[in-house]
Amino acid sequence: RVEAAKLRVRGADLGYPAAADFALRQDLGRSRLDIDKCALKLDRTPLDITGAVDFAPTPARVDIRVVAGDASITELSRLMGSFGIAFSPGMDITGRIAADVRATGPSSKPALNGRLAVRNLRIAGKSLPTETTVDALQLTLTPGTITSAPFPAVAGPTRLAVRGTVS
């Protein structure tokens, strides 16, 4: 078990404590890391990670599953932002997310499969002209697409009915 009271990622203070309880196995002869259990806790947000990473090929190949039962989007967006993924600094993102996502293939471009359920999403910030809210959003991930079930979005006085697929 590892705990960090003041976690910094790439020089950025995440602003919350983190803990990890894990069971890993490494096969040095095959350059493989098996993640039997990795229970992360980012402040009050739990994430469970299992799977394997094969470091022999370049890029490394992954088969990783991430499950979040009821996670804070604020904490996750702060973590992802510190890695240069997702939202720009100065954005205020709140809400909750449940996820069950599996990433397989080359680490440089893994194929994603799974589901995300977002609720009470609120996005605001100086680079966004008006606050945007979404009460509930269901996403399905497949290797070639991200599909949403129909959902309403509100941006200031504008109300949108949205449904889409990105491929």
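Helices (H or I, at least four residues) and strands (E, at least two) are DSSP runs, numbered from the N terminus. With that in hand, welcome to a predicted model, in which local features need pLDDT of at least 70 and side-chain atom pairs count only at pLDDT 80 or more, while totals for chains, interfaces and linings use all residues. Residues are numbered from 1 along each chain as its sequence is written, and side-chain values use heavy atoms, leaving out hydrogens and water.

**Strand pairing**

- Strands count as paired here if DSSP finds at least two bridges between them.
- Strand β4 (residues 18-27) runs antiparallel to strand β5 (residues 32-42), and 10 bridges join them.
- Within this pairing, Ala-19 has Lys-41 of β5 as its bridge partner.
- The hairpin of β4 and β5 has 4 residues between the strands, and Ser-31 takes a positive phi near 55° there.
- On to the next pair: β5 is joined to strand β6 (residues 45-54) by 9 bridges, again in an antiparallel arrangement.
- Leu-40 stands opposite Leu-47 of β6.
- In the hairpin of β5 and β6, 2 residues lie between the strands, and Asp-43 has a positive phi near 60°.
- Strands β7 (residues 61-72) and β8 (residues 91-106) run antiparallel and are joined by 10 bridges, with Ser-72 opposite Arg-96 in β8.
- β8 also pairs with strand β9 (residues 111-125), in the antiparallel sense and over 13 bridges.
- The hairpin formed by β8 and β9 has 4 residues between them, and Asp-100 finds its bridge partner in Arg-115 of β9.

**Nonpolar cores**

- A nonpolar core is a set of buried Ala, Val, Leu, Ile, Met, Phe, Trp, Tyr and Cys residues joined through side-chain atoms within 4.5 Å.
- Buried means under 20% relative accessible area, exposed means over 50%, and partly exposed falls in between (1.4 Å probe, protein chains only).
- Which residues have the most contacts inside the largest nonpolar core? They are Leu-42, Ile-97, Leu-116 and Leu-121, in a core of 26 residues.
- At least two residues of this core come from each of β7, α1 (73-82), β8, β9, β10 (132-142) and β11 (145-155).
- β8 gives the most to this core, with 5 residues.
- Another core, of 7 residues, lies apart from it and has Ile-35, Ile-49, Ala-60 and Ile-64 among its members.
- Leu-121 is in contact (heavy atoms within 4.5 Å) with Ile-73, Ile-93, Thr-94, Gly-95, Thr-132, Thr-133 and Val-134, leaving aside residues up to four places away in sequence.
- As background, nonpolar side chains tend to be buried together in soluble globular proteins.

**Salt bridges**

- A salt bridge is a side-chain nitrogen of Lys or Arg within 4 Å of a carboxyl oxygen of Asp or Glu, and by this rule the count comes to 11 salt bridges.
- Lys-37 and Asp-21 meet through their side chains at 3.1 Å, N to O.
- This pair links distant parts of the chain, 16 residues apart, with Lys-37 in strand β5 and Asp-21 in strand β4.
- Lys-37 is partly exposed at 37% relative accessible area, and Asp-21 is partly exposed at 28%.
- Asp-100 forms a salt bridge with Arg-65, where the closest N and O atoms are 2.6 Å apart.
- Asp-100 lies in strand β8 and Arg-65 in strand β7, so the pair ties together parts that are 35 residues apart in sequence.
- Glu-131 and Arg-122 form a salt bridge with their closest N and O atoms 2.8 Å apart; Glu-131 is partly exposed at 37% relative accessibility, as is Arg-122 at 24%.
- Arg-25, Arg-32, Asp-34 and Asp-36 are linked in a network of salt bridges.

**Asp-36 in its surroundings**

- Asp-36 is found in strand β5 and is partly exposed, with a relative accessible area of 38%.
- Asp-36 touches Ala-23, Arg-25 and Thr-50, not counting residues up to four places away in sequence.

**Surface patch**

- Val-2, Phe-22 and Leu-24 make a nonpolar surface patch of about 250 Å².
- Patches are made of residues with over 30% relative accessible area and no salt bridge, with like charges joined within 9 Å and nonpolar side chains (Val, Leu, Ile, Met, Phe, Trp, Tyr) within 5 Å.
- Accessible areas come from the Shrake-Rupley method with a 1.4 Å probe, and for residues only the protein chains shown count as cover.
- Leu-24, which sits in strand β4, counts as partly exposed at 44% relative accessibility.
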